[in-house]
Amino acid sequence: MAINYVYPDYEVVRNYDRCISCRACERQCSNEVHSFIEEENKVISDDADCVNCHRCVSLCPTRALKIVKTDHTFKANASWSAKNINEIYKQADTGGVLLSSMGNPNEFPIYWDKILLNASQVTNPSIDPLREPMETRVYLGAKSQDVKRDKDGKIIPEMTPQLKLDLPVMFSAMSYGSISYNAHESLARASKELGIFYNTGEGGLHEDFYVYGPNTIVQVASGRFGVHRQYLDAAAAVEIKMGQGAKPGIGGHLPGAKIGEDVSRTRMIPMGADAISPAPHHDIYSIEDLRQLVFSLKEATAYKKPVIVKIAAVHNVAAIASGIARSGADIISIDGFRGGTGAAPTRIRDNVGIPIELALAAVDTRLRDEGIRDRVSVIAAGSVRNAADVVKAIALGADAVYIGTAALLALGCHLCRTCNIGKCNWGIATQVPELVKRLNPDVGYKRLVNLMTAWKHEIEEMMGGMGINSIESLKGNRLMLRGVGLNEKELEILGIKHAGESA
Amino acid sequence: MLLEGQTRIPSGCAISGIFSRSGKRMSGEAVIKSISVMHDRSNGLGGGIAAYGIYPDYKEYYALHIFHNDVAAKTACEEFLERHFDIVSASNIPTRKIPEITDEPLIWRYFATPLKTKLASSQLDEREFVARCAFRINKDIEGSYVFSSGKNMGVFKAVGFPEDVGRFYKLEEYEGYCFTAHGRYPTNTPGWWGGAHPFALLDCTVVHNGEISSYDANRRSIEMYGYPCTLQTDTEVITYIIDYLSRKRGFSYEEISDIVAAPFWSEIDKMEPEKKKLYEYYRSAFSQYLITGPFSILVGFEGGLMALNDRLKLRSMVVGNHGDIFYAASEEAAIRVIEPDIDRVWAPSGGQGVVARLNPDALRALKEDK
């Protein structure tokens, strides 16, 4: 009998007083955790295959199921945690690189949670968003300070291309292939209704979604999947993906199993073939090469669309951003180390990159020190979890944020972090038709709209409390922030004061 | 206790301004009388007056008003001035000893013009040269502070109630076509005169009532364009924004009011396409200069005065016309005390800049050589 070294992390607990053996759980679980014993009219579960996605829990009509963390334990050891030990067992079994999905879950500082917001008292009034206009509209793109006038002295209000957002939040890059058709449809429709943008990721744009082009950012990544004339023409903006927060410095790999007919056509690669994105762009080995790609894309789109350059937050992010700002890019997107992914090597995801809060602050400060902050807009991404995180990001200096995980959660994702196996029970990170249809885009898009609407209300409340009625006046307004429990160096990098310090 | 500039101090205030469109020169008494009506809006911790057209005999020269903490500072500052300027006159600003005003620094006035060779080698235009020299002194020469640097105008300020500041500086002896005044209600105990209003750069002066919520967004943006904000006051940052938009970007004061106190999107979206495009441009390219939170300001400049409220009108401000005289004040009473039967008084809407300018003849006369 084979030895199974790894005991499951989670256990399925079934309350047999409640279970009516309806077998819904059995039908719902693509991992085949649940099975029915005919003779005993009893449903049983095998914890070993459970990914803790809550699909069965959510659909159990009698609330008979719950998932608990196992109390099975190794002998306590501060250095050799169960995680460390189990990873050794897995690698000794397989000889492989460990894979993980979604963002870095480990205990690193979350600076959002150590930053507090200001509010007006006495010396200036707070503003009630229910009574007064409260503006959340932003324009992303270069802000030239040169004022042109015609011969009569009238201003010529021409600008380089801008993205108009009714709310400074966008849906970040998630490719068709890594997520499902229905997930993409939900994101696209929600973006249209909300007056914001979603991002195709590197998997091309499905022909059905060209109608959402005015709310679509298309990505050009190192694999160049699905990039062609119409693709660029359809979009509102083009994003060059240089890196991703979850896996800085490495490429991507969409297994052939996920490359069905539709994905194959959209990506312009053969069905069943693995889609490998190289680690670097092989036409960009330095900043001057990036400039050429930026301008190639501008030429291809007749200078009518902003070009975004997305980078992972790495140690030298501020200097890199400065180079990008001088490369002709209109917008820089920075993805922090907690940013999500459909699949990444665990060691990379958990050990490479820096927190978005520090990266964002460093970039904004650097661009201002160099006097070039107005040449580009800055998008922050990588674990923006709620409206307060958005407000803090803007106050640190972002023009807007991207959200990925939060959007997927709205669609039903339960953060089980097994996107890579392609059997997402919620119909999001899968290409299996029976699973995909579990996500109804009519419902999904509405839930995204709801989420963003709720955040908008909350952002307005927080702005109003600070006496700010336009989001532009929050941008880079770091005096509205105070740190708690941060050391001098952290405060210095964030450019904020400690709670209790006056201005 | 930290001084202004080392810490940020919110404050409430009173403002008043009087402007003669015909360029008729008035004494400083009227504006003092006006601001004194609003005594309760100040707390004695700062007051000041800006006066335009007061130095006709020296109108070709920059009038540098400088506080020196002591003789050492004065010596260092004057050495700097001599390296950069041709100084045609240097003297104490005349003051009257009164018990209400104490602890005065050395208060000096220099009429000066940039040294030609220095100016040429700097490759700057003259006004930029003067502005940078003022920044240099305020930043690098400990104990000296330039608080007025325009031509044919001057700022007079101190720690005290504005009416006392007026008496202290003998404002009744000055004659000009425009005066603005400020009484301050800061929420601390400052020990420093530089923090009082008006705040000035070249001929642009600002008196301000309010506390803006966009301060740090505005500050960090304007600092990028060579305006080090050393005082950490709203007034300082507002002055620099206005100077930047007018002197460096060439916007008119009406356009500036549309940028710093822009209409709401809900209004812009309803505009005619051409107008809409213009306002979208203002709010997109220059959004970093949008000022939010309560303010009412009077902006003095050569030949004009602008009164402007924040776009929600969170601070009181009324303006009025009587003959060719334009008035603006935090309270109507401050206008009526001078002109009880004024022709017209109104409260401009939030974000609606009201600009009074010298008549063309008056402007020509002002600029003409004697």
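Predicted model: local features only at pLDDT ≥ 70, side-chain atom pairs only at ≥ 80, totals over all residues.
Residues are numbered from 1 along each chain as its sequence is written, and chains are lettered from A in the order in which they are written. Local features need pLDDT of at least 70 and side-chain atom pairs count only at pLDDT 80 or more, while totals for chains, interfaces and linings use all residues.

**Exercise 1. The fold of chain B**

Determine how the radius of gyration of chain B agrees with that of a compact globule.

Solution. Step two is the extent: the C-alpha trace of chain B spans about 60 × 50 × 50 Å along its principal axes. Step three is burial, where a residue is buried if 20 or more other C-beta atoms, placed from the backbone, lie within 10 Å of its own. By this criterion 55% of the 370 residues of chain B are buried.

**Exercise 2. Strand 3 of chain B**

Explain why strand 3 of chain B is described as largely enclosed, and identify the strands with which it pairs.

Solution. Helices (H or I, at least four residues) and strands (E, at least two) are DSSP runs, numbered from the N terminus. Strand 3 of chain B covers residues 47-52, and six of its six residues are buried, so the rest of the structure largely encloses it. Gly47(B), Ile49(B) and Ala51(B) point one way, Gly48(B), Ala50(B) and Tyr52(B) the other way.

For the pairing, two strands pair if DSSP finds at least two bridges between them. Strand 3 of chain B runs antiparallel to strand 8 (residues 153-158) of chain B, with six bridges; here Ile49(B) has Phe156(B) as its bridge partner. Six bridges also link strand 3 of chain B to strand 10 (residues 178-186) of chain B in the antiparallel sense, and Ala181(B) of that strand stands opposite Ile49(B).

**Exercise 3. The open sheet of chain A**

State the strand order of the eight-stranded open sheet of chain A and find which helix packs on the sheet.

Solution. The order is 9-19-18-16-15-12-11-10, and the pairing is parallel. At the edges are strand 9 (169-171) and strand 10 (198-199) of chain A, each pairing on one side only. Two bridges join strand 10 of chain A to strand 11 (residues 216-220) of chain A, with Asn199(A) opposite Ile217(A). Helix 7 (residues 287-300) of chain A packs on the sheet, touching strands 11, 12 (237-241) and 15 (307-312) of chain A. The direction of helix 7 of chain A makes about 145° with that of strand 15 of chain A; such angles run from 0 to 180 degrees between N-to-C directions, with axes fitted to C-alpha atoms, for helices over the stretch in contact.

Note on methods. Contact = placed C-beta atoms within 7 Å. Buried ≥ 20, exposed ≤ 12 C-beta atoms within 10 Å, placed from the backbone. Rg over C-alpha atoms; globule rule 2.2 N^0.38 Å.
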